Amino acid sequence: MTQYRVLPGPEHFLPPSAASMGIYLPNPGEAHINGVIVPEEKAYEEAARQFLMAQVPTIFPGPLVLWAWNEKAAKKAAAVRQLYETLKECVQPGQKPMLIPMPDYRPKYPKINPEVEINPNHPNLTIWHNKIDCCMFVGVHCHQANLSLKIIRGGTSCYTVAMCAQAGHEDAMLSFRDASVEKILKLGDWIRKLKGTVKPRLTSAKTSASN
Amino acid sequence: MAETKSHIGTQNKKGQTFTDPWQMLHEAPRTPSFYTGSEVIKEALRRASCDVMIAYPITPQSEAAALIGELFAEGYIGDYFRGESEFAVMSQCAGAAFGGARVFTTTAGPGTMRAMENFPMWAGARLPIQMIVTCRGINSPLSIQPDTLEIAYLLNTGMLVWHAETAQDFFDWILKGYMVSEEPDVHLPLALCCDGFFVTHTKDVVNLTPTDMCLPPYDPYRSPVPCMDMECPPVRMMRDPFVMKSNYISYATHASWQQEVWAAVERSRKHTIHWLNGLIDTENTDTEIMIVASGTAVSQGREAIRLLEDEGVRCGLVKVKTLRPWPGEEIREATKNAKHIFVPEFNVTGWLAKEIKATIPNSDRVHAGPHVCGGMTMPPEIIVSEIKTALGMRAESLAGRGS
């Protein structure tokens, strides 16, 4: 069994992909926290706790939920919106929840605007600019999610959660799999359940390797 | 994220029933049939719900390619055409896969080498194309005979690489290959290799699944990258690659993309173990002498073991089924008792022995050989001779064999 753990960074100039370090994806009914397989229920609690601890908890919805390309996507988008509203209701003064879209994966030149969106090729810019210390990816194609999650781990100290509709992401610090409307809403239920029981961090996390 | 509409139980236009793949491959009745390897490829494709097959003739895969043309004429393949060259074929395969099709092609020897630029591109674009490689000589002087040198070049492309021993392996692995390579956490091309002629042009009894059952169709919406979006990577990479921008984050993106391909190879391990019942097969792993081989060298090794047993020498066998993912841990475990590890290969460089040496402790245990190449056959007696010589036993000279 590998000793490698998927932890908030900054980890390395070029961190390895977690899969190459022996981290396995969860089976149905499971999740992973820091690369350790756990029952899914434990992951809901931990994800909710991380959101409530963070100074800038942020949800990054991707194209698979942002675009109403089928009925299920539209329902998931509504669930993500509801999760965000729940988060806003449950945080304490001084915490600043955000909802920043990832509408597509196009390289953005001459520069991206980190206040408007997050781009998978430059996710650290959005994290740094907004001082985001906990984020969740949902509705992002798996390959692009893994790129972003690894770059975030490499250059920032942000805690990453993946709400994946497929097999999950080793490069997130916490990953669900087989995400559905029910699972997105269940995370909201856990946030509500833990409201007032989690002490937020006093200061935002370090946002780059240099500070 | 796509609507989960199951096709299982429904019928295609040929009246085949889309069947749960595990049930089809493990529980459905099998019919013994006496076929060449090329015919077996055709029969696997009949059941593969393949959308597109693109062909270019090069021996020894041309027979299989032509037979699949018959399948197209019968209506089992969605589209079929001949490319202008092997390079064109592999590029056209990429186009079809970008568009969301289940794609199949066949290749061999120099054609594989000519098309080589496309293989890391397929892997980088996460295209689950299946390519049959019917190995043949690639170096001068030209040979159309089996020689596995081209596999060495495929090992670092990011493709999954499996090496079939028999036509039965071929039939099962073509179908299972799609099940592994199309998993969303894998979604990589598969080079399914065999030793040309020994497998493709030899008749063997192969147990086939019913013709009225077929795999469920490919679902492109489970892809880990958007399919056929000209504005988004990977397609946009081709006219606006990250690396053209000289800054840290562009490099980081490019580097992470490459790492992600190899991460997907690692993720395929779990699915491959499930479908192939392990990455290796073993016999007699308690012995001090082991033969580790892939492809038809496994069959020759098995016969060598029988010959050695007649002389009172006990020997074990490791059949390496997948080269990517590489079964390093499995080989370490299977060879932990071995004092001598012999790696017979049908190529001049001994790429399998090098991989094994890089994997196991005390690698001076590995005897890289015997080697044959250029299409020369490998009689089991030369494996026996190699082993006996290494053990200090008297071995008969085989130099006059065939004269």
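**Exercise 1.** Which residues does B:A44 touch, not counting residues up to four places away in sequence?

*Solution.* Keep in mind that this is a predicted model.
- Start by placing the residue: B:A44 sits in helix α2 of chain B, which covers residues 37-46.
- Now list its contacts, leaving out residues up to four places away in sequence: B:A44 touches B:F171, B:I174 and B:L175.
- Finally, check how accessible it is. B:A44 has a relative accessibility of 0%, so it counts as buried.

**Exercise 2.** Find how far apart B:A44 and B:Q61 are, both in sequence and in space.

*Solution.* 
- Along the chain, B:A44 and B:Q61 are 17 residues apart.
- In space, going from C-alpha to C-alpha, the two are 15 Å apart.

**Exercise 3.** Describe how chain A and chain B meet, beginning with the residues in contact.

*Solution.* 
- Count both sides: 40 residues of chain A are in contact with 35 residues of chain B.
- Next comes the area. About 3,200 Å² is buried between chain A and chain B, and carbon and sulfur atoms give 62% of that.
- Then ask who contributes on the chain A side. A:Y109, A:H143 and A:Q166 supply 19% of the area that chain A buries against chain B, more than any other three residues.

**Exercise 4.** Look for the charged and polar links between chain A and chain B, and say which helices of chain A take part.

*Solution.* 
- The rule finds 1 salt bridge across the interface of chain A and chain B.
- There is a salt bridge between the side chains of B:R267 and A:E170, at 2.5 Å from N to O.
- For polar contacts between chain A and chain B, the count is 10 residue pairs, with both residues at pLDDT 80 or more.
- On to the helices: α2 (63-66), α3 (71-90) and α5 (142-155) of chain A each give at least two residues to the side that touches chain B.
- With 7 residues, α5(A) gives the most to that side.
- Sort the residues on the side of chain A that touches chain B, and you get 19 nonpolar, 13 polar and 8 charged.

**Exercise 5.** Work out how the rings of B:F72 and B:Y80 are arranged: stacked or edge-to-face?

*Solution.* 
- Over all chains, the count comes to 8 aromatic pairs.
- For B:F72 and B:Y80, the centres are 6.0 Å apart and the planes 20 degrees apart.
- Planes under 30 degrees apart count as stacked, so B:F72 and B:Y80 form a stacked pair.
- As for accessibility, B:F72 is partly exposed at 33% relative accessible area, and B:Y80 is partly exposed at 22%.

Notes: Residues are numbered from 1 along each chain as its sequence is written. Chains are lettered from A and ligands numbered from 1 in the order in which they are written. This is a predicted model: local features need pLDDT of at least 70, side-chain atom pairs count only at pLDDT 80 or more; totals for chains, interfaces and linings use all residues. Side-chain values use heavy atoms; hydrogens and water are left out. Contact means heavy atoms within 4.5 Å. Buried area is the accessible area (1.4 Å probe) that two parts lose on being put together, summed over both. A salt bridge is a side-chain nitrogen of Lys or Arg within 4 Å of a carboxyl oxygen of Asp or Glu. A polar contact is a pair of N or O atoms within 3.5 Å; within protein, one must be able to donate a hydrogen and the other to accept it, and residues adjacent in sequence count only if both atoms are side-chain atoms. Helices (H or I, at least four residues) and strands (E, at least two) are DSSP runs, numbered from the N terminus. Ala, Val, Leu, Ile, Met, Phe, Trp, Tyr, Cys and Pro count as nonpolar, Asp, Glu, Lys and Arg as charged, and the others, Gly among them, as polar. Rings of Phe, Tyr and Trp (its six-membered ring) pair if their centres lie within 6.5 Å; planes under 30 degrees apart count as stacked, over 60 as edge-to-face and the rest as tilted. Buried means under 20% relative accessible area, exposed over 50%, partly exposed in between (1.4 Å probe, protein chains only).
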